[in-house]
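I opened a new structure today and kept notes as I went. Here is what I looked up, in the order I looked.

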Amino acid sequence: MAKPVFQTAEFYKTVVRSQDIPKSVYPEVAFIGRSNIGKSSLINAVLAKKNLAHTSSAPGKTRGINYFLVDQKYFFVDLPGYGFAKLPKSERLKWQQLIETYLTDSKNLKLICLLMDSRHDLMESDLEMARWLQYHERPFCIILTKTDKISGNALTKVMAKYKSYFPDHHVLPFSIKAKNLIKSTALFIKQSLS
Ligand SMILES: Nc1nc2c(ncn2[C@@H]2O[C@H](COP(=O)(O)OP(=O)(O)OP(=O)(O)O)[C@@H](O)[C@H]2O)c(=O)[nH]1
Ligand SMILES: [Mg+2]
């Protein structure tokens, strides 16, 4: 069997207050996107660990910033989803501030994977996040999730569309059901971390 891209992965810690964000010595990759877009599922797929990050069909599963230590030398960081309307406004604001502090202050953040739904055109909240990352000059790529739910033809079109929206950023297709896409995403992330 081919060697997996990442060998070991373990839960490291959950952070709910900005003062607890670790002063990381490890290169980090973070995953961000609307609630239910598939951030935690992607982390599990890329790390080949079924239940490492908690997933759910109900949005708003991931609370706080979850750190996973990978190969004893990288951090994978699972962020709470944005746009979860059911949360009270005060709570949404709290997560938003925590996420913004994390994204601006993390010195070893090598790559932010901004996940979007391959079935839809760019949404207002996603555009806002992308513009925010651009304004703060943070390194990010776009990952189009759940591509198993669309045809190959539709995928070609949506890839071209997103590339035209974000000509200066990598746009990657992804599905937890496609081994080749899991592998290419894992390799892309590894390359960005080293
Ligand atoms: N068909 C399909 N379903 C997926 C894929 N990725 C995730 N899902 C499903 O989408 C739902 C949400 O996945 P999560 O990984 O929990 O999403 P999340 O972005 O971490 O959500 P929050 O933690 O709430 O922000 C789950 O039911 C997953 O099984 C995919 O590539 N294909
Ligand atoms: Mg999650």
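This is a predicted model: local features need pLDDT of at least 70, side-chain atom pairs count only at pLDDT 80 or more; totals for chains, interfaces and linings use all residues.

**Entry 1: the whole chain.** I stepped back and listed the elements. The chain has 5 helices and 7 strands. Read from the N terminus, they run β-β-α-β-β-α-β-α-β-α-β-α. The radius of gyration is 16 Å, close to the 16 Å that the globule rule gives for 194 residues, so the chain is as compact as a globular protein of that length. Along the principal axes, the C-alpha atoms fill a box of roughly 45 × 45 × 30 Å. I looked up burial next: buried residues make up 35% of the 194 residues. Then I turned to contacts with a separation of 6 or more. Residues 24 or more positions apart account for 74% of them.

**Entry 2: the sheet.** In what order do the strands of the sheet lie? I traced E1-E3-E4-E2-E5-E6-E7, an open sheet of 7 strands with mixed pairing. Strand E1 (9-15) and strand E7 (171-173) stand at the edges. Each has a single partner strand, so one side of each is left without a neighbour in the sheet. The twist averages 25 degrees from one strand to the next.

I reminded myself of the background. Strands of a sheet pair through backbone hydrogen bonds, either parallel or antiparallel. Then I went through some of the pairs.

- E1 and E3 run antiparallel and are joined by 6 bridges. Phe11 has Phe68 in E3 as its bridge partner.
- E3 and E4 are also antiparallel, over 5 bridges. Here Phe68 has Phe76 in E4 as its bridge partner.
- E2 and E4 run parallel, joined by 4 bridges. Phe31 stands opposite Asp78 in E4.

I stayed with E3 for a moment. It is mostly covered, with 5 of its 6 residues buried. I also looked at the hairpin of E3 and E4. It has 3 residues between the strands, and Asp71 there takes a positive phi near 50 degrees.

**Entry 3: helices on the sheet.** Which strands does helix H3 touch? H3 (residues 124-135) packs on the sheet and touches E2, E5 and E6. Its direction makes about 165 degrees with that of E5. Helix H4 (residues 152-165) lies across E6 and E7, and runs at about 160 degrees to E7.

**Entry 4: helix H1.** I listed the buried ones as Lys39, Ser40, Leu42, Ile43, Asn44, Ala45 and Val46. What covers them? The cover includes strands E2 (28-33), E3 (65-70), E4 (74-78), E5 (109-117) and E6 (140-145), along with helix H5 (179-193). Just after H1, I found Ala48 with a positive phi of about 55 degrees.

**Entry 5: ligand 1.** I checked the shell of ligand 1 next. It holds 24 residues, and Gly38, Ser41, Thr55, Thr62 and Gly81 come nearest. H1 supplies the largest share, 3 residues. By class, I counted 4 nonpolar, 14 polar and 6 charged residues in the shell.

**Entry 6: Ile21.** My last stop was Ile21, in the loop between E1 and E2. With 17 other C-beta atoms within 10 Å, Ile21 is partly exposed. What does Ile21 contact, leaving aside its neighbours within four places in sequence? I found Val15, Thr101, Tyr102, Asp105 and Ser106. I also looked up Ile21 and Gly81, which lie 60 residues apart along the chain. Their C-alpha atoms are separated by 18 Å.

Terms used:
Residues are numbered from 1 along each chain as its sequence is written. Chains are lettered from A and ligands numbered from 1 in the order in which they are written. A residue is buried if 20 or more other C-beta atoms lie within 10 Å of its own, exposed if 12 or fewer, and partly exposed in between; C-beta atoms are placed from the backbone. Helices (H or I, at least four residues) and strands (E, at least two) are DSSP runs, numbered from the N terminus. Two residues are in contact if their C-beta atoms, placed from the backbone, lie within 7 Å. The radius of gyration is taken over C-alpha atoms; the globule rule is 2.2 Å times the number of residues to the power 0.38. A residue is near a molecule or strand if its C-beta atom, placed from the backbone, lies within 6 Å of it. Ala, Val, Leu, Ile, Met, Phe, Trp, Tyr, Cys and Pro count as nonpolar, Asp, Glu, Lys and Arg as charged, and the others, Gly among them, as polar. Two strands pair if DSSP finds at least two bridges between them. Axes are lines fitted to C-alpha atoms, for helices over the stretch in contact, and angles run from 0 to 180 degrees between N-to-C directions.
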